[in-house]
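Here are my notes for anyone opening this model for the first time. Keep the structure in view and step through the points in order.

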Amino acid sequence: METQKKKLVVVLGMHRSGTSVITRGLLAMGVELGDRMLPSVEGDNDKGYWEDVDINALNVEMLSFIASDWYHLKPIVDNDVAKLRNAGYIERAITLLQSKVKNRAIFGFKDPRTAKLLPLWKEVFNQGRFDVSYIIAIRNPLSVAKSLLKRANIPLEKSYLLWFGHVIECLIAIIGKKQIIVDYDVLIKSPTTELSRISKSLQLPIIVGELQSYEQQFLDERLRHTVYSMDEVRLDEACPLIVRELYDFLLDVAEEKIIINDTMAQAKTSDWIKIYNRLIEPFQLIDQLSHAQAHANLQLLERNSQIDKLCQQVNEYEIQLNRLKNIIARSQRKNNDQAINFVKQIADRDVQFSELKSSLDTLNCNLTAARTQIENLNRGLSGARAENEAILNSLSWKLTNPLRTIGTCIKIVRSYMYFAKSIIATIGVYRIVQEFFRTLKNEGLPGIQRRVKNAISYYNATGQIYYRTEKNENQESGEIIERIQNEGPKISVIISIYKTPIEMLKQAIESVIQQKYKNWELILVDDFSQSEIIQKLCNSYQENNSNIRYIERSENGNISAANNTGLYNARGSFYTILDHDDILDPSALYEAAKITLEHPHVDYIYSDEDKVTKDGLTFFGPFFKPDWSPEYMLAMMYTCHMSVYRTALVISLGGYNTEFDGAQDYELTLRVVRRSNNVAHIPKVLYHWRVWENSTAQSMEAKPLAHILARRALELHLQELRENFVIGEAVLPGHHFVDFLPKRNSLVSIIIPTANGTIDIRGKTERHLNAVCESIISKTSYKNFEIIVVHNGNLSAEQNRWLASHENIILSEYVAEKFSLSEKINKGAKLANGEYFVIMNDDIRVISEDWLTLMLGMAQREGVGAVGPKLLFPDETIQHAGVVILGGLPGHPYYQNPKNALGYGLGLQVNRNYVAVTGACCMTPRSVFEEIGGYSNKYPLNYNDVDYCLKVRKLGLRSVYIANAHLYHYEGVSKEGGVPLQRKKFKSSWLTGGGIQK
């Protein structure tokens, strides 16, 4: 039995001939166009191209393969088709079309390039056994030529011949086939008549509702940017006679004055093609020259790129060579030291042996004494146990038992009183009563119990009242709320569904319906769950709420494909993904809309989040995120939920990449922030991530491939940014650590302002200046540095000789009536030759040999203005891991925490951004230092480093803490003469309204 042919409707025609408008009209005849459409482009095709992304991409690829394009006049000949056939393009095209027509009664597509490639596509249609009907769009050739001149700068003479070449191929193809010719100008004037004519000719039904939508909502007279008459075509000297004749002929066919028959059409086309081939010869030469020039330009670009890569490799080789030299030098020193130490150890060993023998005798004596003491303690313990039993069995202990119980109750009551006092102070009595009765009405006593339990649980864990955004929103005036509701953008919420537990899905949908912001739409994308319960639920929501649309996919494509289905159907200017098992806070979309009005250019918005138990009743584990931190983002997708994207931007990037299912949000967000730095953070918990066995909220093991794919996405991201990097594993599963290596072997100037003080370390006195210089010279693997020492003229003769013996140490004496550390640093900067500066205290000691390599690699990143390492006290606790503003003044987070502590959100163990880094060891580009004007004399001792970093921030640059560069800091010795307080001056300069001025 012969398989029924799949039906296709192919819209043919020249560019700018109305093929998009005609193709959109096919929806009114039940023709499906698929769900992968090219997005509209403002000012070019505002109503959409109505072209399938995949077919368009295949046509572009095939034309490129045979060194052609739509604007080339040379026709596609048999030799070109043979090349494409041998390369497997016919099989690819058949497979692509079969995937498009699958589960569709009739499928339609258009791409003006198809007319150019018709000799190949005819083979595809025949071999694939497709039942094809053709619609040829014609438009006044002068309108097309004028449009191409304006948009593509193509001369009128060539545009006319391009029009002829495309249309003649179409005419040849439709001879003897099911076809109809449609005049675009007539369609705009009389859409119902023309669509009815198409419907009758191709035997397709008219869908009245779709026809009305097409006429009333889609069609617009402005779709015709130019309208010209036939007389104007005849008067245009640039228009060849064969173009006018072909247009006249097609108009007669479109108006059904004549009917195409094989003999007549073949005779006319044969004559026209002969003339056409003669006319295009000079233009073909121009095309060939243009192609050759483009090829030469491409080769030049590739050559320049190769030169850049070679230069980069040379720099890398220089760095590696320096490292090898350092390793060899260290190895030689180590071998010499080992030989000396070995001889010394033999001599020391005899002394140690005699000392050990003496110690052993002492230990034996101590052991005998300890055994005696243990026996005495055991006797005492037995007596204490007997006494304890006697007390527990005594009458007085039993009589006082109620008093002890009362004491315990008093402690519990006191803790509840503290809780009640805190909740009244945070929320207010009126609001508590209002919430009590609202909850009692909606959720009953179980709801009251649940909410009280949650609040107490959070209070016990944090000492704070966890109260979500309702309070904050209610503090806003009615005028502000009304403006946001009226002027805010439409936000699309996309839920991709696959065999979701029905109660979880209900909670997700209801959380959108209950949004306080009203300009939203909800798109439910069923990724082929094949569940009647899910279908029934989603259809019910769709029928009862006009803001909800339910889309069933015809096959399971996994999360990225499902998200893309929602994305390409979204009507909102912004959209967010709500996982099918999670919950939005009622204020989520309101807060997002508010941000879009406050920051009109924002492209990506994220909020804080917490977790919710499997039953959806208990909220816990809030994650309070920093403002946009590009370096932190490289360790994990800390932005995660809720993420709101500008729809047009994501579509222009190609949507979600199906190769990264499991890490698709991270991969997409990296592409978004690579394109745009317009990122905003909402510091409120607006998303509740459900913890259950199928969610990474509970464990990364729920999606084991996610980390591997996230790492691959990160690699691609950094490669696109042309970074020099190494990715390692962070201390927690599912996280990354990125070390940046220098792209250039830049000279670094290490500026050390010194008081030439001393310090006692393990009973030995050492001078800070000598020790820090020795530490840098002997332990730093990156060798292209100089040290600028700015001293007070108090160096000893021995110090001067030692420092002068090192060619890369420059000495400068600082003399001033009034001491200023800032002035001292600036003096050193004027003597520096480096491209990058390191401002360093003299009480610093190197721990990790690659500290300067890592700091320089980070400082060479685009947008970085200051870099600080992890500084440790000698007891291995944290002195510096970034600077924050606490209580209006700078302060150190994690101060005196263990060096291996994780920090909040892994903040101690990965690179991340802060408002500032300490000047005890800070790298900054020379160009930034000079633009800012160095350290400010306004702060001679305190806050000059933070002031500098805030100015860096004001330039739009970032301060970065890097966790893998470790140095010791013997804090407080560098600043002599006392530390005057500069609090008032700092606050008046930088703080306003409780926040930092930007």
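**Notes on the model**

1. Let's begin with the overall build. The chain has 35 helices and 31 strands. Bear in mind that this is a predicted model. Of the 998 residues in the chain, 49% are buried. The chain exposes about 49300 Å², and carbon and sulfur atoms supply 53% of that area.

2. Next, the nonpolar interior. In soluble globular proteins, nonpolar side chains tend to be buried together. Here the largest nonpolar core has 93 residues. Val 748, Ile 750, Ile 776, Met 840, Trp 851 and Met 923 have the most contacts inside this core. Which helix gives the most to it? That is helix 32 (residues 851-859), with 7 residues.

3. Setting aside neighbours within four places in sequence, Val 748 is in contact with Tyr 782, Asn 784, Phe 785, Glu 786, Tyr 836, Val 838, Leu 852, Leu 856 and Met 923. Met 923 is also on the list of residues with the most contacts inside the largest core. There is a second, separate core as well, with 69 residues, including Ile 90, Ala 145, Tyr 160 and Ile 174.

4. Now for some strands. Is strand 3 (residues 130-138) largely enclosed or open? Strand 3 has 8 of its 9 residues buried, so it is largely enclosed by the rest of the structure.

5. On to charged pairs. A search of the whole structure finds 35 salt bridges. One of them joins the side chains of Arg 36 and Asp 54, at 2.9 Å from N to O. Arg 36 lies in the loop between helix 1 (19-25) and helix 2 (53-65) and Asp 54 lies in helix 2, so this pair ties together parts that are 18 residues apart in sequence. Both ends are partly exposed: Arg 36 has a relative accessible area of 30%, and Asp 54 has 22%.

6. The salt bridge between Lys 100 and Asp 52 comes in at 3.0 Å, N to O. This pair links distant parts of the chain, with Lys 100 in helix 4 (residues 89-101) and Asp 52 in the loop between helix 1 and helix 2, 48 residues apart. Are these two residues buried or exposed? Both Lys 100 and Asp 52 are buried.

7. Glu 61 and Arg 92 form another salt bridge, with their closest N and O atoms 2.9 Å apart. Glu 61 belongs to helix 2 and Arg 92 to helix 4, so the pair ties together parts that are 31 residues apart in sequence. Glu 61 counts as partly exposed at 33% relative accessibility, and Arg 92 also counts as partly exposed at 39%. Elsewhere, salt bridges that share partners join Glu 631, Glu 723, Lys 743, Arg 861 and Arg 958 into one network.

8. Back out to the surface. Ile 424, Val 429, Val 433, Phe 436, Phe 437, Leu 440 and Leu 445 form a nonpolar patch there, with about 630 Å² of accessible area together. Helix 18 (residues 429-462) gives the most to this patch, with 6 residues. Leu 440 sits in helix 18 and is partly exposed, with a relative accessible area of 33%.

9. Last one: a lysine worth a click. Lys 594 lies in helix 24 (residues 588-598). Is Lys 594 buried or exposed? The cut-off for buried is under 20% relative accessible area, and at 17% relative accessibility Lys 594 counts as buried. Not counting residues up to four places away in sequence, Lys 594 touches Glu 476 and Ile 484.

Key. Residues numbered from 1 in each chain as written. Predicted model: local features only at pLDDT ≥ 70, side-chain atom pairs only at ≥ 80, totals over all residues. Heavy atoms only, no water. Salt bridge = Lys/Arg side-chain N within 4 Å of Asp/Glu carboxyl O. Helix = DSSP H or I, 4+ residues; strand = E, 2+ residues; numbered from the N terminus. Buried < 20%, exposed > 50% of the residue type's maximum accessible area, 1.4 Å probe, protein only. Core = buried A, V, L, I, M, F, W, Y, C linked by side-chain atoms within 4.5 Å. Contact = heavy atoms within 4.5 Å. Patch = residues over 30% accessible without salt bridge, like charges linked within 9 Å, V, L, I, M, F, W, Y side chains within 5 Å. Areas by Shrake-Rupley, 256 points an atom, 1.4 Å probe, with all protein chains shown as cover.
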